[in-house]
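Here is a short report on a structure with more than one part to look at. Keep the picture open while you read.

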Amino acid sequence: MNNRNYKQDFPVFSEYPQLVYLDNSATTQKPQTVLNAAEQYYRAENANPLRGLYDLSVKATEVYENARAAVRDFIGAASEREIIFTRNATESLNLIAYSWGRANIREGDEILLLISEHHSNLLPWQILARETGAKLRFLECGADGAYTPAALQNALTPNTRLFAAAQISNIFGRVNPIREFAEICHKNGTLIVCDGAQSIPHIPVNVQELDVDFLAFSGHKMLAPMGIGALYGKEALLDAMPPFLYGGEMIESVTRESATYAELPHKFEAGTVNAGGAAGLHAAIRYLREVGFDEIRRREDALTALAFDGMKQIPHVRMIGADDPAEHHGILTFTIDGVHPHDVAAIFDADGIALRAGHHCAQPLHRHLGIPSTARMSIAFYNDEQDIKAFLSTLKTIRRRMGYD
Amino acid sequence: MTDQFYDEILLDHNMHPQHLHELPTATCSHAGVNPSCGDEITLHLDLSEGRITNGSFTGVGCAISQASADIMLDLMIGKTPQEALHLAELFSKMISGEITPEELESLEEAGALQNISRMPARVKCATLSWRTLQQLLSSYLSQ
């Protein structure tokens, strides 16, 4: 592994030199360059973007729109009109469900989801189905977390209007074959929504290669500040959709009784926008590109394999998902016989190791797997071998510390 | 063993709970959910004689929620609903750090959970069974 110490770039590790942060799937830490960009915006570039007729507002608009251009380039979209800034992936998915969903889904239509979807890619569709009389259906996976194109093919019916799937599940860490899924969906006249929240920080994502109709992701899981995220949508779809939120900055002209709406992408960005967050997201994209996905993959794969192999050797530790570390992309979900995941996380916390326990916002999947809850450690490229060694050494002690011989 | 993570009393109730079972004689049952983790326990009480003559719990949870439920039932069996509600009140006083030493005495083994007030992430685990008991008894008394 390249020996560069990426932690030097992240101030949190100077604040807490002993911190072992293994909750990257929940949110990543932020590099100095991202903090600088957000601070620079509020120090020297802040005015209300998209509105003002003076120099500072023009600057603010530039910062905001440059960030949009960077996102477009980062995910390979055809046009900046296809990039909508939101708060996070959850808001992006809600936008699709409210705007596209309510305009297009009718009684008798079907919405197909993966059973492993995060609640953010489940509840908006659940509510939409309930309100419209559409039917919600689920594609189920086996214990390895794999979904095949053939299974999708079999599950589609002439009534399936929409298929929603994460590119990487936040429990399994496995990459779903989104491009194949998109091809199958489109042949069936079905739209495909991809939740990229867990994939965007770890693998190169190109929306035109994947040919998805929508892609949602959060900035905070990819080094950017919280409160900025994006929705990609194919221009023709976005163009035909009604606005999601109504208010300032999304209109063309307003009379007492009616309004005409701004063009894409501003039609979907009502109210004063998060320009400081967008500046941070821009810096995060720049930083990720400097590190490069080859390096990110090399480091994360090596650390994942180190952790996975160590975990497999510890008695009573049971891994969730594929039996191959290469299928995990830094996400290792596990249980320990006889110890509840909350107690597992509490013991890790006592040893200065941050990881997550619970249902990880995926209750239907836990029910499907017959496991009430799990613990999850999740790796980013800035983690190092010391982090993994500390994790494994605490993991070995847990049953003993819970009173087992 | 010196490196045990929790208090001995708590670990013992978690490993060997006396009251974790179904209760065929139960006159009422009530389920409580810990929203932070989705854990669910169901409390079963036999109130046929106007007091808690027997009780049990079912469901899964962390060591703190399981031990807390088991300790609670040890304390509650034999009590009237009014006495039980008073003790549950004292338990929340203990968790919020407002309990007097005399009051703490009356909670018996449940006093072992006092330190939970210093683990904010676990307060909901410790109070799950007690809140469930309060809900069950309040609706029993209002009938």
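Start with a pair of strands. Strand 14 and strand 15 (residues 374-378) of chain A run antiparallel and are paired over 3 bridges. One pair of residues shows this: Arg356(A) has Arg376(A), in strand 15 of chain A, as its bridge partner. Remember that the model is predicted.

**The sheet in chain A**

An open sheet of 4 strands in chain A has the order 11-12-15-14, with antiparallel pairing. Strand 11 (317-319) and strand 14 (356-358) of chain A stand at its edges. Each has a single partner strand, so one side of each is left without a neighbour in the sheet. From one strand to the next, the twist averages 30°. In a regular strand, side chains alternate between the two faces of the sheet.

Two helices of chain A go with this sheet. Helix 12 of chain A lies across strand 12 (331-336), strand 14 and strand 15 of chain A. Its direction is at about 160° to strand 14 of chain A. Helix 14 of chain A also packs on the sheet, where it touches strand 11, strand 12 and strand 15 of chain A. Helix 14 of chain A makes about 15° with the direction of strand 12 of chain A.

**The sheet in chain B**

Now turn to chain B. Its 3 strands form an open, antiparallel sheet in the order 1-2-3. Strand 1 (28-33) and strand 3 (54-60) of chain B are the edge strands, and each pairs on one side only. Here the twist averages 15° from one strand to the next.

Strand 2 (residues 40-46) of chain B is joined to strand 3 of chain B by 7 bridges, and the two run antiparallel. Asp46(B) stands opposite Asn54(B), which is in strand 3 of chain B. Helix 2 (residues 63-76) of chain B lies across strand 2 and strand 3 of chain B. It runs at about 175° to strand 3 of chain B.

| Strand pair | Chain | Bridges |
|---|---|---|
| Strand 14 and strand 15 | A | 3 bridges |
| Strand 9 and strand 10 | A | 3 bridges |
| Strand 2 and strand 3 | B | 7 bridges |

A hairpin of 4 residues joins strand 9 of chain A to strand 10 of chain A. Val254(A) has Ala259(A), in strand 10 of chain A, as its bridge partner.

Now look at the backbone. Most residues other than glycine have a negative phi, and most peptide bonds are trans. Leu264(A) and Pro265(A) are joined by a cis peptide bond, with omega about -5°. Pro265(A) sits in the loop between strand 10 and helix 10 (275-291) of chain A. Leu223(A) is not a glycine, yet it has a positive phi of about 80°. You will find Leu223(A) in the loop between strand 7 (214-218) and strand 8 (229-233) of chain A.

**Where the chains meet**

How many residues does each chain bring to the contact? Chain A gives 15 residues and chain B gives 20 residues. Together the chains bury about 1400 Å², with 60% of it on carbon and sulfur atoms. Of the area that chain A buries against chain B, His342(A), Arg401(A) and Met402(A) supply 34%, more than any other three residues.

Between chain A and chain B, 6 residue pairs are in polar contact. Helix 12 (341-350) and helix 14 (385-401) of chain A each supply at least two residues of the side of chain A that touches chain B. Helix 12 of chain A provides the largest share of that side, 5 residues. That side of chain A divides into 6 nonpolar, 6 polar and 3 charged residues.

**Salt bridges**

Side chains of opposite charge can pair when their charged atoms come close. Over all chains, the structure holds 30 salt bridges. Between chain A and chain B the count is 2 salt bridges. Arg400(A) forms a salt bridge with Asp3(B), and the closest N and O atoms are 2.5 Å apart.

Another salt bridge links the side chains of Glu300(A) and Arg297(A), at 3.3 Å from N to O. Both residues lie in helix 11 (residues 293-312) of chain A. Glu300(A) and Arg297(A) are 3 residues apart, about one turn of the helix.

Notes: Residues numbered from 1 in each chain as written. Chains lettered and ligands numbered in written order. Predicted model: local features only at pLDDT ≥ 70, side-chain atom pairs only at ≥ 80, totals over all residues. Heavy atoms only, no water. Contact = heavy atoms within 4.5 Å. Buried area = accessible area lost by both parts, 1.4 Å probe. Salt bridge = Lys/Arg side-chain N within 4 Å of Asp/Glu carboxyl O. Polar contact = N/O pair within 3.5 Å; in protein donor to acceptor, adjacent residues only side chain to side chain. Nonpolar A, V, L, I, M, F, W, Y, C, P; charged D, E, K, R; others polar. Pairing = 2+ DSSP bridges. Axes fitted to C-alpha atoms, helices over the stretch in contact; angles between N-to-C directions.
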